[in-house]
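Here is a walk through one protein model, written for someone who wants to follow along in the viewer. Have the sequence open next to the picture as you read.

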Amino acid sequence: MRYRYVLLLTLILTSAGCKMLFGPDKTGEYRLSSEKSGTEVYYLFGYSYEDSEFYRFPYEKDPSPDIINEGHRVLDGEETIELPGFNTPGRMNGFALVGEFANLDDARDFYNGYLTVEEGLQFSVVSDIVEAYQVWVQQTSAGNYVKLLVKEAASLEGEAGNKYSEVLLDYTYQPNGSRDFPD
């Protein structure tokens, strides 16, 4: 009988995962692309901090993610390219740029030392063009804060000649609405 309970508890924990017990991932790394997926209906993949998952957007069967890379089309000489740009599908709060640096080491030092979201930041639902070695703060539609370190930003072209962009980000998420990030 005792084995049944242990087995049942093990199955629940492995199927529900640690997020049920410990909450969302508070730090991590993810890559956001503006490349559209789908066949009849096109969507982007965005990231949800609370669920620590990627979701399709817009897609009625998936929850709305906290962040997407919507991309900005720009002219580069005679050619059109796409540069990364953040958007928050929740249409609330958004992004504030808090630092720009010449290299990843300086950006990472600032990111690691940025422990409190300062008062007076102006958050925008849609960011400006996102570049490597920037540090952003996001306030989610739930009112929680995330700090983002842009490690890479690239303008790319798919097999069919479609233009898209990607960013590689480190993040630290504060799920309780506090302005203070964990050390």
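Glu152 is partly exposed, with a relative accessible area of 39%; here "buried" means under 20% relative accessible area, "exposed" over 50%, and "partly exposed" in between, using a 1.4 Å probe and protein chains only. This is a predicted model, where local features need pLDDT of at least 70 and side-chain atom pairs count only at pLDDT 80 or more, while totals for chains, interfaces and linings use all residues. Residues are numbered from 1 along each chain as its sequence is written, and side-chain values use heavy atoms, with hydrogens and water left out.

What does the side chain of Glu152 meet in a salt bridge? Its partner is the side chain of Arg31, at 3.5 Å from N to O. A salt bridge here is a side-chain nitrogen of Lys or Arg within 4 Å of a carboxyl oxygen of Asp or Glu. Arg31 sits in strand β1 and Glu152 in strand β11, so this pair ties together parts that are 121 residues apart in sequence. Arg31 is partly exposed too, with a relative accessible area of 38%.

## A salt-bridge network around Asp170

The structure holds ten salt bridges. Side chains of opposite charge can pair when their charged atoms come close. Four residues, Glu29, Arg108, Lys151 and Asp170, are linked in a network of such bridges.

Take Asp170 and Arg108: their side chains meet in a salt bridge of 3.0 Å, N to O. That pair links distant parts of the chain, with Asp170 in strand β12 and Arg108 in helix α3, 62 residues apart. Asp170 is buried, with a relative accessible area of 13%, while Arg108 counts as partly exposed at 28%. Asp170 also has a salt bridge with Lys151, this one at 3.1 Å, N to O. Lys151 lies in strand β11 and Asp170 in strand β12, so the two tie together parts that are 19 residues apart in sequence. Both Lys151 and Asp170 are buried.

## The sheet behind it

Now for the strands themselves. Five of them form an open sheet in the order β1-β12-β11-β10-β8, with antiparallel pairing. At the edges stand β1 (27-33) and β8 (94-100), each with a single partner strand, so one side of each is left without a neighbour in the sheet. Neighbouring strands of this sheet are turned by 30° against each other on average, direction ignored. For the ground rules, strands (E, at least two residues) and helices (H or I, at least four) are DSSP runs numbered from the N terminus, and two strands pair if DSSP finds at least two bridges between them.

The β1 and β12 strands pair in the antiparallel sense over seven bridges, and Glu29 stands opposite Asp170 in β12. Helix α3 (residues 104-113) packs on the sheet, touching β8, β10 (134-139), β11 (145-157) and β12, and its direction makes about 155° with that of β11. Contact means heavy atoms within 4.5 Å; axes are lines fitted to C-alpha atoms, for helices over the stretch in contact, and angles run from 0 to 180 degrees between N-to-C directions.

## Tyr171

Is Tyr171 buried or exposed? At 2% relative accessibility, Tyr171 counts as buried. This tyrosine lies in strand β12 (residues 163-174). Leaving out residues up to four places away in sequence, Tyr171 touches a set that includes Asp25, Tyr30, Tyr49, Tyr111 and Val146. Its side chain makes a polar contact with the side chain of Tyr47 at 3.2 Å. A polar contact is a pair of N or O atoms within 3.5 Å; within protein, one must be able to donate a hydrogen and the other to accept it, and residues adjacent in sequence count only if both atoms are side-chain atoms.

## Gln139

Over in strand β10 you'll find Gln139, which counts as buried at 15% relative accessibility. Its side chain joins that of Tyr145 through a polar contact of 3.3 Å. Setting aside neighbours within four places in sequence, Gln139 is in contact with residues including Met92, Phe123 and Asn144.

## The chain as a whole

Stepping back, the protein chain has three helices and twelve strands. Buried residues make up 38% of its 183 residues.
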